[in-house]
Amino acid sequence: MFETILAAENAFSGNANAIGYGLATIGPGIGLGILFGKTIESIGRQPEAASQLQTIMYIGLAFIEVLAILGIVAGFLFS
Amino acid sequence: MTPPILLAAREGFHVPGAEAFYQKPLIYLELFGVDVSINRTVLILFLATAITALLFLFGFRKPKLVPSGLQNVMEFVVDFIRNQIVLPVMGRDGLAFLPYLTVLFTFIFFLNIFEVIPGVNFPATSRLAIPLVFAIGTWLLFVAVGIKNQGVGGYFKNSLVPPGVPVPVLFILVPMEFLSIFILRPLTLTIRLTANMIAGHLLLTVIFLGTAYLLGRPLTFGWGVGAAAAGVAFVGFEIFVASLQAFIFTILTAVYISGSMKAAH
């Protein structure tokens with residue numbers, strides 16, 4: 001009952017990079033969904049502003065995708 | 001009972017990894033100790049360059065007022081870039097960049113579309129160097145436009161120091177803005193295009209190899225037919241991703257250039 005593993009050689013087998021990246025896509029996925037949903041909603045409310053809203057949407061897209069991309073890069077950094 | 005896919009993994013189906021992207025050189029060349037040998041990627045580059053150059057050359061050689069034939073198709077491409085990318089994002093001042101953006105879009109599109117063309121089946125943009133060159137070109141372009149329009153000191157001051165920010169915050173904000181504007185922009189442009197193409201290529205490779213493997217065994221023939229249908233669907237998806245990534249690269253270039261043209265913030 002009190003047998004616990006104090007130190008194990010292979011506590012974790014498998015590639016941590018894959019799990020790290022999988023976790024890293026949760027936040028940007030939600031963020032992108034909110035961004036595009038709000039943009040579509042705003043364009044539906046005022047179609048004349050569509051091109052301005054699209055420009056701002058692309059700027060936001062670049063910022064949010066940085067976080068997801070850094071998730072992959074971090075796997076190589078902390079090799 | 002275990003699904004046949006797991007049986008395949010045990011019985012000798014080899015899932016392709018990074019070796020799907022290594023290519024043997026056809027003609028070995030070396031320039032100052034750097035390996036510039038001609039392999040399949042370089043041949044794709046030559047072919048895409050030739051296609052782009054010839055399309056634009058022959059499309060606009062003898063322009064008529066009412067276009068027809070190849071001129072009609074190329075005018076559609078230029079119109080698309082002009083009305084969907086340059087005018088909404090940059091306004092009329094951006095029309096000076098229309099030729100560069102059109103050629104950028106067309107070239108990246110053709111490099112991407114070789115992923116689904118039978119016989120070639122390799123996206124040249126999945127090699128990191130090619131999107132890196134495009135991203136460095138964009139980076140030089142938006143920095144040069146910013147310096148030209150606002151002066152060296154003025155451009156860096158306007159983009160790194162937002163107005164109305166208290167001085168202690170600036171010590172954190174300025175390095176972050178510098179990182180975000182001058183380092184992360186070309187980096188994310190590169191990795192976005194490269195990762196999309198690498199993922200697409202690996203996906204298609206696994207599906208096609210898996211179809212061949214599953215169709216070869218009588219036990220898994222049904223799964224093989226399903227895999228073939230999935231292969232057709234994913235080829236369509238990859239065509240969409242190839243055009244979308246070319247579009248996103250071009251429109252982000254336009255957004256960055258337009259951000260440098262006006263005084264930012």
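This is a predicted model: local features need pLDDT of at least 70, side-chain atom pairs count only at pLDDT 80 or more; totals for chains, interfaces and linings use all residues.
## The nonpolar core

The largest nonpolar core holds 56 residues. Those with the most contacts inside it include Tyr58(A) from chain A, and Met90(B) and Phe249(B) from chain B. Helix H8 of chain B, residues 221–261, gives the largest share of this core: 13 residues.

Leu101(B) is another of the residues with the most contacts inside the core. What does Leu101(B) touch, leaving aside its neighbours within four places in sequence? Its contacts are Ile81(B), Val86(B), Met90(B), Thr250(B), Thr253(B) and Ala254(B).

## Helix H2 of chain A

Helix H2 of chain A runs from residue 26 to 45, which makes 20 residues. At 1.5 Å a residue, H2(A) should span 28 Å. Its end C-alpha atoms lie 29 Å apart, so the two values agree.

Which residues of H2(A) are buried? They are Pro28(A), Leu32(A), Leu35(A) and Thr39(A). Seen down the helix axis, the buried residues fall within an arc of 65°, so they line one face of H2(A). Among what covers them are helices H1 (16–24) and H3 (50–77) of chain A. The face turned away from the buried side carries exposed residues: Ile30(A), Ile34(A), Ile40(A), Gly44(A) and Arg45(A).

## The largest pocket

The largest pocket contains about 790 Å³ of space. It is lined by 22 residues. Closest to its centre are Ile72(A), Phe76(A), Ala195(B), Ile198(B) and Leu202(B).

H1 and H3 of chain A and H7 (167–216) of chain B each supply at least two residues. H7(B) gives the most, with six.

Conventions. Residues are numbered from 1 along each chain as its sequence is written. Chains are lettered from A and ligands numbered from 1 in the order in which they are written. Side-chain values use heavy atoms; hydrogens and water are left out. A nonpolar core is a set of buried Ala, Val, Leu, Ile, Met, Phe, Trp, Tyr and Cys residues joined through side-chain atoms within 4.5 Å. Buried means under 20% relative accessible area, exposed over 50%, partly exposed in between (1.4 Å probe, protein chains only). Helices (H or I, at least four residues) and strands (E, at least two) are DSSP runs, numbered from the N terminus. Contact means heavy atoms within 4.5 Å. The expected span of a helix is 1.5 Å times one less than its number of residues. The arc is that of the directions from the helix axis to the C-beta atoms. On a 1 Å grid over the protein atoms alone, a cavity is a set of points where a 1.4 Å probe fits but cannot get out, and a pocket is an open set with protein on both sides within 12 Å along at least five of seven lines; lining residues have an atom within 4 Å of a point. Grid points are joined across faces, edges and corners, and a volume is the space filled by probe spheres set on the points.
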